[in-house]
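Please look over the sequence and the model shown here before reading on. The report that follows turns to a residue inside one chain and then to the contact between two chains.

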Amino acid sequence: MEEWLYISTEVYPALLKGFWVSLALIVPSALFGIAIGIVLGVLRVYGSRPVMAAADGFVALFRGIPLVVQLFVWYFGLPYLKIYLNPFTAAVLGFSLCGGAYHSEYIRGALLSIKRGQMLAAQSLGFSTTRMIVSIVLPQALRRALPGCGNELIYLIKYSSLAYMITCVELTGQGKILASNSFRYTEIFLIIGACYLVMTSAAGVLLGRLEGRLRLPGFEQYRG
Amino acid sequence: MPESLNAVIDALPYLLAGSAVTLIVVVGAMCLGLCLGVPLAVGQLYGQPAIRRAIGVYVWFFRGIPLLVLLFLFYFGLCTALDINLSAFTVAIIVLGLISSAYQSQIFRGAILSLPEGQLKAARALGMSDRRAIASIILPQALRLSVPGWSNEYSIILKDSAVAYALGVPEIMARAHFVATRTYQQLPLYLAAGVIFLVLTYLGTKGLRVLEEKVRIPGYSPQGG
């Protein structure tokens with residue numbers, strides 16, 4: 001009974017609060033990340049030479065440095081330049097930039113996999129390059145990039161726990177506080193783990209459904 | 001500016017000593033992941049339905065929960081609850097290794113599935129037992145095919161190992177943070193840590209590229225080309 005009271009009056013509200021913070025971190029980071037990924041991916045394939053090199057360099061940098069280090073740079077490092085971000089903003093910034101670099105890899109691969117004939121056909125119909133990329137190439141490429149990008153989004157759900165390390169109290173942070181107060185580390189972290197499992201599994205199912213929804217009949221085996 | 005440069009130069013030996021800790025964690029985790037990942041992959045492909053299901057749950061569990069949560073669960077939770085006295089360093093290797101075993105099992109599984117089915121049938125036709133055929137025919141080829149996936153896994157574990165800082169493992173990130181809070185040169189020191197990670201990623205993937213060449217059998221491809 002006492003156990004149940006503890007769970008319903010302390011654990012549940014705290015974790016719910018943490019869950020909303022986690023969600024508030026994940027959703028904008030996912031959207032910004034994909035937007036950054038699309039821009040970077042397009043620049044890396046269709047940009048001029050210096051632009052391409054710059055975008056490649058950006059991606060190499062953000063993929064090569066651990067996310068924790070990036071978060072520390074944004075949160076603890078930027079004040080050195082007199083720029084002060086709150087933990088939440090720093091976390092979203094870090095997740096978006098790092099996620100964008102990873103998304104751009106999948107989008108770049110998908111862009112390169114689009115058949116050349118498509119582009120020639122668009123050009124012969126009088127499309128400008130921008131118009132061709134936006135209306136012909138990207139709609140197909142994004143569908144192909146979806147499985148990879150979806151994986152990345154699932155990673156984002158898990159990596160959102162790192163926001164705890166720059167003092168943004170989300171699900172993991174709430175769990176740490178609860179566990180330190182009650183010394184019930186095993187139970188609390190099993191519950192937290194279960195929450196993440198539910199989130200990642202739900203995201204997997206939703207992404208699978210989205211893939212099915214977006215499938216263009218007849219275009220699945222369109223390769224080469 | 002020179003002040004910050006000095007801080008980085010002064011801290012460099014200390015940070016580099018941290019990279020030794022990082023590398024031991026990474027290599028330990030990868031070895032543990034390999035030792036567990038191979039049987040997991042074989043079990044998931046050739047095992048009985050119950051075993052397959054159990055391995056599926058294992059993989060789902062370790063791929064679905066954040067590293068940080070698992071580190072806390074094992075270090076503060078299970079180690080205390082079961083009265084096991086392990087250092088943060090050991091726990092970091094074990095947790096990273098368990099997670100890696102789930103990912104590596106999928107790398108090996110993919111590699112095994114990419115081998116033509118005829119290989120196993122031919123081995124069986126030559127009178128080899130299942131176990132023998134998997135150990136001497138399938139795995140030697142599958143492991144070679146897994147090296148590129150392994151190099152990916154290396155760079156992921158290397159970067160994830162920075163999270164072990166949360167338990168106080170004195171790796172690169174933890175040391176950068178110690179020095180940064182003492183000298184107030186946060187930005188230069190974190191950037192220095194980032195550069196060390198970049199170099200380690202570069203060297204590691206290069207090394208694994210060499211390994212890939214080394215273990216390649218010239219003129220042979222599993223598809224019989």
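Helices (H or I, at least four residues) and strands (E, at least two) are DSSP runs, numbered from the N terminus. This is a predicted model, in which local features need pLDDT of at least 70 and side-chain atom pairs count only at pLDDT 80 or more, while totals for chains, interfaces and linings use all residues. Residues are numbered from 1 along each chain as its sequence is written, chains are lettered from A and ligands numbered from 1 in the order in which they are written, and side-chain values use heavy atoms, with hydrogens and water left out.

B:Gln141 belongs to helix H6 (residues 130-145) of chain B. B:Gln141 is buried, with a relative accessible area of 11%, where buried means under 20% (1.4 Å probe, protein chains only). A polar atom of the B:Gln141 side chain lies 2.9 Å from the backbone oxygen of B:Ile137.

Chain B and chain A meet in a contact (heavy atoms within 4.5 Å), to which chain B gives 36 residues and chain A gives 35 residues. The two chains bury about 3100 Å² between them, 77% of it on carbon and sulfur atoms; buried area is the accessible area (1.4 Å probe) that two parts lose on being put together, summed over both. On the chain B side, B:Phe72, B:Lys159 and B:Leu187 lose the most area to chain A, together 18% of what that side buries.

| Class | Residues in chain B |
|---|---|
| nonpolar | 25 residues |
| polar | 8 residues |

Terms used
Buried < 20%, exposed > 50% of the residue type's maximum accessible area, 1.4 Å probe, protein only. Polar contact = N/O pair within 3.5 Å; in protein donor to acceptor, adjacent residues only side chain to side chain. Nonpolar A, V, L, I, M, F, W, Y, C, P; charged D, E, K, R; others polar.
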